[in-house]
Amino acid sequence: LKENNARHLWHPMAHPADSLANPPDIIVEGDGVEITDVDGHRTVDAVGGLWNVNLGYSCAPIKDAIAAQLDRLPYYSLFRGTSNDAAIELSWLLRDFFAPDGLTRAFFTSGGSDSVEVALRLARQYHKLRGEGARVKYLSLKKGYHGTHTLGASVNGNANFRTQYEPLMPGCFHIPAPFPYRNPFNESDPERLAQLCLSALEDEIAFQGAESIAAFIMEPILGAGGVIPPHASFMPGVRQICDRHGILLIADEVITAYGRTGAWSGSRLWGVQPDLMSTAKAITNGYFPFGAVMLSDRVAEVFEQDRTAKGSIGSGYTYSGHPVGAAAAIACLKETERLQVKDNASDRGAQLYAGLQALAERHSIIGDVRGGHGLMCALELVSDHGSRTPIDKATITRVHRATYEAGTMVRVSGPNIILSPPLVLTEEHVMTILACLDTGLASA
Ligand code: PMP
């Protein structure tokens with residue numbers, strides 16, 4: 001199994017030679033918030049799958065809903081007027097959940113990259129239908145991550161996810177992210193930095209010409225870029241600027257929706273109503289590849305007024321509104337509500353964040369501790385505090401391995417250790433994660 005894993009399964013982010021020397025862990029079982037690898041080693045999954053297994057690996061209501069749907073209607077797509085009852089019920093549920101965000105219509109996809117692509121396309125088409133066809137450009141944040149498709153990759157702020165595929169889509173521009181630990185302004189005060197980033201956005205809009213811009217896309221808390229929550233004034237400031245210039249605001253909530261931040265959506269955390277929202281991941285607890293794009297009335301009505309616009313989103317998806325995925329999502333969202341997991345995300349998130357800050361007192365390798373909004377936290381490791389030199393790959397790999405061997409799976413991304421455990425974890429699980437990290441960091 002290990003040999004084939006390295007030789008014949010194409011790993012997107014590991015070189016085969018590295019995999020042979022340092023085999024990626026092969027997970028064979030999941031139970032609650034814990035996973036077991038092929039060698040029988042059991043760990044707390046502090047990655048939560050990939051930010052998505054919010055309810056853990058033993059969620060019986062989702063499993064039962066999938067089984068029942070497979071028995072009754074295993075497939076029927078949303079295409080040329082056909083539909084299925086599970087997808088309709090899910091759209092109604094989502095309307096309820098996202099009404100406070102001003103979002104009332106749902107379109108279904110197979111995952112986060114699809115959802116981003118759809119939202120970006122809808123933004124352009126919205127302007128075309130309004131006779132503003134010149135609005136084709138997109139703005140986004142440096143350090144933002146928006147998936148793997150061509151439009152999403154074009155708005156990705158991290159050059160590592162862009163440059164090897166260039167030329168990508170022209171007309172995509174990135175502005176500095178409100179990241180106090182590292183920013184081009186050398187500004188560490190979050191509020192002043194938010195204002196500087198908003199000014200940079202205004203400057204970019206003036207430079208490009210507001211009438212050429214379709215949308216600004218952002219994650220309410222930057223996730224894959226290293227868990228970077230902005231100051232509370234930032235996203236409301238973005239909303240105001242977008243409104244002033246007729247630019248649509250797309251919230252990419254593939255990570256932040258469905259309770260991870262301690263709020264139902266990341267936009268709600270900042271009191272902002274986006275025009276479009278991309279979601280996926282935790283909508284089915286990771287049990288089925290599925291995503292939802294939520295539309296505001298303002299956007300949806302433009303499409304609904306024009307009968308010719310209905311062939312939107314290119315040509316539709318074979319798996320849009322897949323009934324098994326929709327059934328999984330319905331069960332998942334009901335369970336998410338019933339267990340009030342967003343409240344547990346807040347409480348356990350506060351405990352984890354405080355524990356990480358305590359670790360930073362003891363381990364000088366920790367340069368920055370980020371979190372404070374639910375169960376999204378990160379440690380940025382440095383080799384030198386003063387210069388903030390990012391840690392080298394060999395050392396962070398050692399920390400990663402030692403933490404895993406001690407009993408906790410974490411994610412490493414560049415110089416960051418990212419923590420996004422299931423939202424149902426207990427106080428004891430948080431203590432285990434912190435103790436394992438303590439051991440892992442000591443190995444550096
Ligand atoms: N947007 C964001 C904010 C993400 O974090 C991700 C995935 N990590 C995506 C889009 C892409 O989602 P997927 O991997 O499901 O295609």
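**A walk through the model**

Tutor: Leaving aside residues up to four places away in sequence, Phe179 touches Lys143 and Ile228. Keep in mind that this is a predicted model.

Student: Where does Phe179 lie?

Tutor: In the loop between strand E6 (172-175) and helix H8 (190-208).

Student: And is Phe179 buried or exposed?

Tutor: Phe179 is buried: 23 other C-beta atoms lie within 10 Å, and the cut-off for buried is 20 or more.

Student: How far apart are Phe179 and Thr318, in sequence and in space?

Tutor: They are 139 residues apart in sequence, and C-alpha to C-alpha they are 39 Å apart in space.

Student: What about phi of Val227?

Tutor: Phi of Val227 is near 55°, so you have a positive value in a residue other than glycine. Val227 is in the loop between strand E7 (213-218) and helix H9 (234-245), and this residue is buried, with 26 other C-beta atoms within 10 Å.

Student: And what is phi of Tyr258?

Tutor: Near 70°, again positive in a residue other than glycine. Tyr258 belongs to the loop between strand E8 (248-252) and helix H10 (266-269). Tyr258 is buried, with 30 other C-beta atoms within 10 Å.

Student: Which residues of H15 are buried?

Tutor: His429, Val430, Thr432, Ile433, Cys436, Leu437, Gly440 and Leu441. Looking down the axis of H15, you find its buried residues within an arc of 160°, so they line one face of the helix.

Student: What does the face of H15 turned away from that buried side carry?

Tutor: That face has the exposed residues Glu427 and Glu428.

Student: So what covers the buried residues of H15?

Tutor: The cover includes helix H13 (341-362) and helix H14 (393-406), along with strands E3 (42-45), E14 (408-409) and E16 (416-419).

Student: How many bridges join E2 to E3?

Tutor: Three, and the two strands run antiparallel; E2 is residues 34-37. Ile35 stands opposite Thr43 in E3.

Student: Last topic, the ligand. Which residues around it come nearest?

Tutor: Of the 14 residues around the ligand, the nearest are Gly111, Gly112, Ser113, Gly147 and Val254.

Student: Which helix gives the most to that shell?

Tutor: Helix H6 (residues 112-129), with three residues.

Student: And how do the residues of the shell divide into nonpolar, polar and charged?

Tutor: Six are nonpolar, six are polar and two are charged.

Conventions:
Residues numbered from 1 in each chain as written. Predicted model: local features only at pLDDT ≥ 70, side-chain atom pairs only at ≥ 80, totals over all residues. Buried ≥ 20, exposed ≤ 12 C-beta atoms within 10 Å, placed from the backbone. Helix = DSSP H or I, 4+ residues; strand = E, 2+ residues; numbered from the N terminus. Arc of directions from axis to C-beta. Contact = placed C-beta atoms within 7 Å. Near = placed C-beta within 6 Å. Nonpolar A, V, L, I, M, F, W, Y, C, P; charged D, E, K, R; others polar. Pairing = 2+ DSSP bridges.
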